[in-house]
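Please report on this structure, with its salt bridges, helix packing and selected residues.

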Amino acid sequence: MFGNIPIPSLFICFLIFCAWLNYEKNKSHKKQKRNSQKFWDREEKANHTRNKDISHLPMFSPDKSRIPMPASTDENVTYYQNRVCASLEQPMMDLSGYTNTDLKLAYGTGNFNTLSEYDRNFNDFLMNMTNLGKAYFSAGYFADAAAVYKLCIESGSCRHSDYKALAETYTAMGTPGKISELISEAETSELPRKASLIRQLRSIQHPAE
């Protein structure tokens, strides 16, 4: 059944494999333990970091003149217009490049809640802009929808849905050529999974016959 290989040799090979597997498991466990300890050490240090001056940090202030606000009787449109206007009154910062621990280490634990609120306000603004773009598109205000999506992306949105919505809006406007510019922007960006997004944008620009 085992050819010319003696049974003891097979058993020795099996023992060697088991020893190797156990070694790899132990090595992985130790690495995870070191990483976990490193994380908690940084968190402990962060929780004892003194407050630092945050007055110099740049607030996010979008160009309000670029947000179209056409008069409309569409309730969905007016609802999200009001939501965007309310968002614009809140202090905002794009802190997406920081983890919670990073924020506390950089600016002190006492500033964490304030900075987290600024970051939430920023993300709320982007979400309200996305929803306003959807409302404009549904109401047939394609040029307004395009302006909103474009500003949303320029403001820092990394959501693939915003890029695809802008591409679909260009198609609805009869200007699919503009999708090429959007693809170029995506290619030079640091978006996550951008290769997948670019394929989707190209399929919107050139749908299968």
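Predicted model: local features only at pLDDT ≥ 70, side-chain atom pairs only at ≥ 80, totals over all residues.

R159 is partly exposed, at a relative accessible area of 25%. On this scale, buried means under 20% relative accessible area, exposed means over 50%, and partly exposed lies in between (1.4 Å probe, protein chains only). The R159 side chain meets that of D162 in a salt bridge, at 3.4 Å from N to O. A salt bridge here is a side-chain nitrogen of Lys or Arg within 4 Å of a carboxyl oxygen of Asp or Glu. D162 counts as buried, at 0% relative accessibility.

Residues are numbered from 1 along each chain as its sequence is written, and side-chain values use heavy atoms, with hydrogens and water left out.

**Confidence**

The chain averages a pLDDT of 89. pLDDT is the predictor's confidence in each residue, from 0 to 100. A score of at least 70 is reached by 91% of the residues. Among the elements of the chain, helix 2 (residues 75-88) has the highest mean pLDDT, 98. Helix 1 (residues 7-46) has the lowest, 72. Helices (H or I, at least four residues) and strands (E, at least two) are DSSP runs, numbered from the N terminus.

**Salt bridges**

The whole structure holds five salt bridges. Three of them are tabulated here, including the pair described above.

| Pair | N to O distance |
|---|---|
| D162 and R159 | 3.4 Å |
| E154 and K150 | 3.7 Å |
| R202 and E187 | 3.0 Å |

Take E154 and K150. Both lie in helix 5 (residues 142-154). They are four residues apart, about one turn of the helix. E154 is partly exposed, with a relative accessible area of 43%. K150 is also partly exposed, at 26%. Both residues belong to a network of salt bridges that links R66, K150, E154 and E185.

R202 and E187 make a bridge between two helices. Their side chains meet at 3.0 Å, N to O. R202 lies in helix 8 and E187 in helix 7, so the pair ties together parts that are 15 residues apart in sequence. R202 is partly exposed, at 41% relative accessibility. E187 is partly exposed too, with a relative accessible area of 37%.

**Helix 7 against helix 8**

Two packed helices are described by the angle between their axes and the distance between the axes. Helix 7 (residues 179-187) and helix 8 (residues 194-205) pack at about 175 degrees, with axes 10 Å apart. Axes are lines fitted to C-alpha atoms, for helices over the stretch in contact, and angles run from 0 to 180 degrees between N-to-C directions. Helix 7 and helix 8 are therefore roughly antiparallel. Angles under 35 degrees count as roughly parallel, over 145 as roughly antiparallel, 65 to 115 as roughly perpendicular and the rest as oblique.

Which residues of helix 7 meet helix 8? They are I179, S180, L182, I183, A186 and E187. On the helix 8 side stand K194, L197, I198, L201, R202, I204 and Q205. Contact means heavy atoms within 4.5 Å. By class, this contact has eight nonpolar, two polar and three charged residues. Ala, Val, Leu, Ile, Met, Phe, Trp, Tyr, Cys and Pro count as nonpolar, Asp, Glu, Lys and Arg as charged, and the others, Gly among them, as polar.

R193 lies in the loop between helix 7 and helix 8. Its phi is positive, about 55 degrees, although R193 is not a glycine. R193 is exposed, with a relative accessible area of 62%.

**Other positions**

F142 lies in helix 5. F142 is partly exposed, at a relative accessible area of 27%. Leaving aside neighbours within four places in sequence, F142 is in contact with F137, T169, A172 and M173. The C-alpha atoms of F142 and Y79 are separated by 18 Å, and the two residues are 63 apart along the chain.

P58 is found in the loop between helix 1 and helix 2. P58 is exposed, with a relative accessible area of 66%.

N123 lies in helix 4 (residues 112-139). N123 counts as partly exposed, at 36% relative accessibility. N123 and G156 are 33 residues apart in sequence and 9.5 Å apart in space, C-alpha to C-alpha.
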